[in-house]
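Q: Can you take me through this model? I'd like the overall picture, then a few local spots.

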Amino acid sequence: MKHIHMFLMTVVFAALTACGGSSSDSDTLNQSLVFPTSYAKSPAGDLRPEETGVVYNLEAIVPPQCYTKHEATHNPCMICHQTYTFGSRPNYMSDKALQAEYSFSEIGVTNHWQNLFEDRSDAVSQISDQAVIDYIYTDNYSTLIEQLQRDSWDGPIPAIQDLHLGAGAFDDQGFALDGSHWVAFNYKPLPSTFWPTNGSTDDVMVRLPAAFREQSCNGSGYSRDTYIANLAILEAAIQELQQVSLPQVDENSFCTDLNGDGQLGLINTINRPDAYVGNASNVSVTPMLYPEGTEFLHTVRYIGLDEDMTITIPARMKEVRYMVKQTFYTPPELLSMYGNEKQEKLDGNLPNFVSRGDDGLDNGFGWLVLGFIEGADGHLRKQSEEETTFCMGCHTSIGSTIDQTFAFPRKVTGASGWGYINLRGMVDAPNIGETEGEILNYLKLVGGGNEFRENDEIIEKWFNEDGSVNEEKVLAADVYELITPSPERALILNKAYMVIVGDQDFIHGRDANVTSAVNVYNAVDPEIAPVLPTERQYDWDMRLAW
């Protein structure tokens, strides 16, 4: 009964003990629910977790997905583990071999993510559908920001006014309406952990330092045109584009001919220059690396439901993640750092990250990573060091990332990609070097809709009875239809995660499974675990050919 006990601990969770189940029919479900007309605000709670100094999982950088049983057939590993031609990009991890075999330390062979094997059916059945709706219509972000601004907090404050409203906090070009200079962009969620059908919705915002937002020739103040131009230059650098479109700007704002026509005027396209513009004109453009001071804000949210049963991004957040590039390292410096990382793994050294207190953990490659997660009463609190270490595996040294990031390299290319994330009408674009849609290709390679091949709704919807993918059906769908769940599944996944929040056992995993996972190892024996054959290994580039 530990789940129910935790729910009763606070006012926010008191309603969750009401009985009720999910209807099998969306129309009936809609008629039975009352949707709030405004957003309640979550009460404040403890801002910092209790740090006991005891670490449960010394290999917390190895995510649950790495324990998937691939059965020498399925390959979800290719999303993270890749090797690229030397010098083609400044990610020198070259870890494609991890697609083939389970390579863990003596500690890592044991799967510490025991939440995967918990059956939450009873606890989930005690949470009513209405309790879920009330919960996800509660704003716990604004309370966090108020606490950070009011309490003794020495770290960054990732504040955007009304961010709980999602798109409502930004204009049509993605600029935050509060003047904070955060800019939202539209991107394709990474397969498949960040597909809404697997438990969460999310959004990502970027912000460049002040110099990138200021003019250089017509005064020193803020210039939106200058900022737009530098964001486009950044996009061209990270996605390795020679030319990219952008919202119309006037080159006279920053006195630089960016489209190469020999004059200054209104432009909608730029050629990638050697340096940024405006007061950042002294900063060189380095392919596939962000300039020092670049910030990212990433919110991970529950699966939202509107009155018409549309899947959307809700007010309530599971996590608020923040990254800032505190130090710029050149490609030769990164080559040496990746070499050290490989040697440490060969030597069997356990991961170790330097804590910068309220600034977060230092990933050793120039980035500080800070995270906030739900407390038992639903408020957002700072993650413990071990909880943050969970984030470091993906944002440190896997081979597929571009400068330790995922979303921005997957931005919808050009002017149309500036604006809040919107999956409706988004095409299943292929990856760079491919001709087949990324989602279609993923379904074929993985044999299911998530790494664990346990998303029955995806299998029923997009696979044939013989286990092959229904290509014709997949090709006719947009990204929204392909990767969002039914309302019934959305409610179930939200309930499962609410149980995890009540237990506060994130160190055992965050995946919103209701029943125990089957296609996952509890422990891996590298001597007998099957090796993925060469023909099932795959070269993959996270960038998209929009």
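A: One term to begin with: contact means heavy atoms within 4.5 Å. Residues 24 or more positions apart account for 75% of the contacts with a separation of 6 or more in the protein chain. This is a predicted model, so local features need pLDDT of at least 70 and side-chain atom pairs count only at pLDDT 80 or more, while totals for chains, interfaces and linings use all residues. Residues are numbered from 1 along each chain as its sequence is written, and side-chain values use heavy atoms, with hydrogens and water left out.

Q: How many helices and strands does the protein chain have?

A: The protein chain has 14 helices and 14 strands. Both are DSSP runs numbered from the N terminus: helices are H or I with at least four residues, strands are E with at least two.

Q: Charges: how far apart are the mean positions?

A: The 35 positive and 77 negative charges have mean positions 1 Å apart. Lys and Arg count as positive, Asp and Glu as negative; His and the chain ends are not counted. Each charge is placed at NZ of Lys, CZ of Arg, CG of Asp or CD of Glu.

Q: Which cysteines are joined by a disulfide?

A: Cysteine 217 and cysteine 255 are joined, with S to S at 1.8 Å. The structure holds one disulfide, meaning a pair of cysteine sulfur atoms within 2.5 Å. The link of cysteine 217 and cysteine 255 is right-handed, with 90° about the S-S bond.

Q: What does the pair tie together?

A: Cysteine 217 is in the loop between strand 4 (201-207) and helix 7 (224-238), and cysteine 255 is in the loop between strand 5 (243-250) and strand 6 (266-271), so the pair ties together parts 38 residues apart in sequence. Cysteine 217 is partly exposed at 32% relative accessible area, and cysteine 255 is partly exposed at 38%.

Q: Switching to helix 9. Is helix 9 mostly covered or mostly uncovered?

A: Mostly covered: seven of the eight residues in helix 9 (residues 385-392) are buried. Among them are Glu386, Glu387 and Phe390. The cover includes strand 10 (317-325), strand 12 (361-362), strand 13 (367-374) and strand 14 (380-382).

Q: What about histidine 70, buried or exposed?

A: Histidine 70 is buried, with a relative accessible area of 3%. The residue is found in the loop between strand 1 (40-41) and helix 4 (121-125). Leaving aside neighbours within four places in sequence, histidine 70 is in contact with Ala100, Tyr102, Arg453, Pro530, Val531 and Leu532.

Q: Arginine 453 is in that list. What is the phi of arginine 453?

A: Near 55°, a positive value in a residue other than glycine. Arginine 453 lies in the loop between helix 10 (438-446) and helix 11 (456-462), and counts as buried at 12% relative accessibility. Methionine 309 also has a positive phi, near 70°. Methionine 309 is in the loop between strand 8 (304-305) and strand 9 (311-312).

Q: Last one: which peptide bond is cis?

A: The bond from proline 191 to serine 192 is cis, with omega near -20°. Serine 192 is in the loop between strand 3 (183-184) and strand 4. Phenylalanine 194 is in the loop between strand 3 and strand 4, and touches residues including His298, Val300 and Arg321.

Definitions and conventions: Buried < 20%, exposed > 50% of the residue type's maximum accessible area, 1.4 Å probe, protein only.
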